[in-house]
Amino acid sequence: MKQYWQKMKDVGKALTDAQIEQMKESKAQIDAVYADLDKEFQRVKEAGMSADDVRKRGQMTIWDRIEYITDPGMFFPLHTLYNPANNEEGMTGVIDGLARISGKWCILIGFDNKVMAGAWIAGQSENILRVTDIAKNLHVPVVWLVNCSGAKLPEQERLYANRRGSGTCFFRHAELEQAGIPVLAGIYGTNPAGGGYQGISPTILLAHKDCNIAVGGGGIVSGMSPKGFFDEETAEELIKATRHFKESPPGSIGVHYDVTGFFRAVFETETGVLDGLKEYMAEMPAYNPRFFRVADPAEPKFPATDIASIVPYNQKAVYKFEEILARLSDNSEHMEFRPDYGPEIYSGLIKVDGFPVAVIANRQGFLGATYPEYTNAYMGVGGKLYRQGLIKMSEFVTMCSRDRVPIIWFQDTSGIDVGDIAEKAELLGLGQSLIYSIEQTGVPMMLVVLRKGSAAAHYVMGGPTANNHCAFALGTATTEIYVMHGETAAAASYARRLVKDKDAGKDLAPIIAKMNAMVKDYTDKSRPVFCAKTGFVDEVIRYEDIRNYMVAFTNAVYQNPRSICPQHHMILPRMIQSQVVKGQPRPPKE
Amino acid sequence: MADVIVPMEGKVIKINVKVGDTVSADDEIIIMEAMKMEMPVSAGVSGVVKEIKVSVGQTFPADSAIMAIE
């Protein structure tokens with residue numbers, strides 16, 4: 001298959017000084033968004049007690065542990081700003097991301113021991129369930145750094161019960177294990193009750209010498225025989241019992257290593273636990289990359305730092321997606337699928353770190369005077385989806401499924417074409433057909449919302465709302481996600497009221513004020529920080545990190561896939577080179 | 001002499017050239033707004049701008065000649 005993969009078609013051009021100058025103001029606006037995001041990331045990093053105070057106790061922070069256990073530069077954070085319950089801690093109390101440990105890819109997650117000693121807090125289970133979903137999608141191990149003081153008791157009603165409560169996470173561990181996905185845990189500190197199950201539910205348990213895991217901690221055991229109220233006598237008993245359990249907490253090493261044997265090994269130092277996890281990770285099942293690579297890895301010819309000078313901050317301004325692709329694909333090469341059909345969509349194959357990867361993206365700008373082909377009433381513009389683009393995406397993802405190629409989506413879409421003309425062209429049905437096609441693929445996917453993710457197009461283009469295979473979604477400084485633009489929503493909401501008030505001779509100013517307030521609300525609730533906090537995206541990253549996440553995703557996908565298509569049995573590269581209908585050219589007569 | 005024809009109706013947002021400028025086929029000579037998007041219009045041919053037939057803020061119908069290039 002060398003003829004298909006080794007030298008593909010070049011894409012992209014170097015930016016000119018004039019282009020860089022022209023985008024200077026836009027880039028400054030983008031830099032300002034990233035500066036705000038950096039403050040948010042720092043806020044999360046500094047949540048809870050100070051790192052120095054944790055270290056003074058002889059402990060490492062979660063961030064120290066992550067830095068120690070991962071291969072240098074190989075931690076790609078996810079969910080840093082996620083806080084779906086809008087809790088007072090301002091984060092979910094766990095830190096996670098794609099990580100490489102001892103050369104193997106995994107999802108790494110750990111309790112932030114600075115925040116209430118790693119307590120269960122509101123919104124945390126949603127974060128953990130996202131992590132177990134990613135492990136399931138990518139078929140990679142979960143590595144847990146357990147340090148969990150149990151439920152935050154004054155808010156138990158916000159986290160304990162329900163179908164996606166904190167206990168669901170243990171069930172998910174069982175589910176992963178049954179699917180052949182190991183969960184490795186390093187265990188630190190006191191882990192009572194919920195913390196105990198966080199400790200016991202993984203596959204391999206490696207313990208720090210001072211840790212414990214238990215059905216109930218000292219506090220619960222002490223309070224087992226209340227009179228129904230507290231008095232001087234019960235208070236004294238509680239003091240006595242608390243002192244005892246502080247010296248000798250339930251479920252310590254003496255029980256769970258010496259007696260039950262739940263702990264596989266016990267380590268004297270905190271780093272010893274992490275070294276133990278590294279050893280286990282080195283033994284995790286993984287193919288050598290050469291099994292799936294189609295070419296040697298190569299960096300793009302053009303720098304990723306260019307992207308901030310290509311994607312305009314102004315959402316109305318257009319750009320060429322191919323110039324983004326040129327900064328993300330190995331050697332800035334690609335094979336485009338059906339370039340003459342559905343011009344609003346780019347679909348094609350690229351190499352990422354030498355592995356085959358599919359890309360689907362919105363194109364921007366004018367699509368030609370005769371497109372869409374189903375009407376002369378108007379012309380198409382990029383960002384919108386029309387009949388051909390929807391059909392092309394369905395075809396492409398179906399073939400990716402057949403060839404077992406992971407898909408990376410890039411969204412900058414305002415929606416699907418609307419109106420009776422579009423309905424007659426079957427766009428409603430074709431959008432749902434695409435969702436069906438995607439669901440049928442079973443290949444891991446990743447999404448980058450480059451700018452707009454809007455209307456049903458955000459769903460049908462691989463969005464996580466309507467796609468079981470989307471491992472994670474990333475945002476950028478220019479991301480905005482909403483059902484429709486704020487101005488469109490305000491018009492839709494108040495148009496009839498404007499007519500009514502106009503006819504009644506009323507002052508229009510109050511309605512206009514409401515409309516403008518709605519536009520602002522849409523802006524506030526669609527931009528990067530909001531998207532990250534609510535989980536519309538799993539992380540907001542810098543443009544220059546997009547390729548790094550693509551490399552991490554791709555390596556994780558090809559580490560231990562559940563199904564394989566031999567390279568020489570792939571059909572898609574052959575279809576592309578022959579463009580489906582043309583066939584291979586006949587060789588010249590000798 | 002070649003006219004730059006824009007097949008889509010729109011509004012002129014910005015004019016990037018002036019009469020007498022030398023342009024290449026790929027140069028974005030105006031930015032127009034249509035269907036809520038700002039779209040560049042390329043010269044299409046290389047040459048010298050002889051006439052600019054629109055002004056900023058002006059709306060124009062489909063198939064308008066907006067510029068002449070020699």
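Leaving aside neighbours within four places in sequence, A:P528 is in contact with A:V33, A:L37, A:G475, A:A477, A:T479 and A:V540. Two residues are in contact if their C-beta atoms, placed from the backbone, lie within 7 Å. A:P528 is found in helix α20 (residues 528–534) of chain A. Helices (H or I, at least four residues) and strands (E, at least two) are DSSP runs, numbered from the N terminus. A:P528 is buried, because 25 other C-beta atoms lie within 10 Å. A residue is buried if 20 or more other C-beta atoms lie within 10 Å of its own, exposed if 12 or fewer, and partly exposed in between.

The model is predicted: local features need pLDDT of at least 70, side-chain atom pairs count only at pLDDT 80 or more, and totals for chains, interfaces and linings use all residues. Residues are numbered from 1 along each chain as its sequence is written, while chains are lettered from A and ligands numbered from 1 in the order in which they are written.

Chain A is divided into domain 1 (47–215 + 250–282), domain 2 (289–479 + 527–566) and domain 3 (485–526). These bounds come from an automatic or database domain assignment. The C-alpha centres of domain 2 and domain 3 of chain A lie 34 Å apart.

The largest nonpolar core has 178 residues. Such a core is a set of buried Ala, Val, Leu, Ile, Met, Phe, Trp, Tyr and Cys residues joined through C-beta atoms within 7 Å. The residues with the most contacts inside this core are A:C106, A:I107, A:V142, A:V359, A:I360 and A:I407. Helix α21 (residues 546–559) of chain A gives the largest share, nine residues. Domain 1 and domain 2 of chain A each supply at least three residues. For A:I107, contacts beyond four places in sequence are A:D96, A:L98, A:V131, A:I134, A:A135, A:V140 and A:V142.

Helix α6 (residues 124–138) and helix α7 (residues 168–178) of chain A have axes that come within 10 Å and cross at roughly 5°. Axes are lines fitted to C-alpha atoms, for helices over the stretch in contact, and angles run from 0 to 180 degrees between N-to-C directions. The crossing angle therefore makes α6(A) roughly parallel to α7(A). Angles under 35 degrees count as roughly parallel, over 145 as roughly antiparallel, 65 to 115 as roughly perpendicular and the rest as oblique. On the α6(A) side, A:S125, A:I128, A:L129, A:T132, A:A135 and A:K136 meet A:T168, A:C169, A:R172 and A:L176 in α7(A).

Some backbone details also stand out. A cis peptide bond joins A:Y371 and A:P372, with omega about 0°. A:P372 is placed in the loop between β13 (355–362) and β14 (384–385) of chain A. A:N162 is not a glycine, yet has a positive phi of about 90°. A:N162 is exposed, because 12 other C-beta atoms lie within 10 Å. A:A455 also has a positive phi, near 55°. A:A455 is placed in helix α17 (residues 455–460) of chain A, and is buried, with 21 other C-beta atoms within 10 Å.
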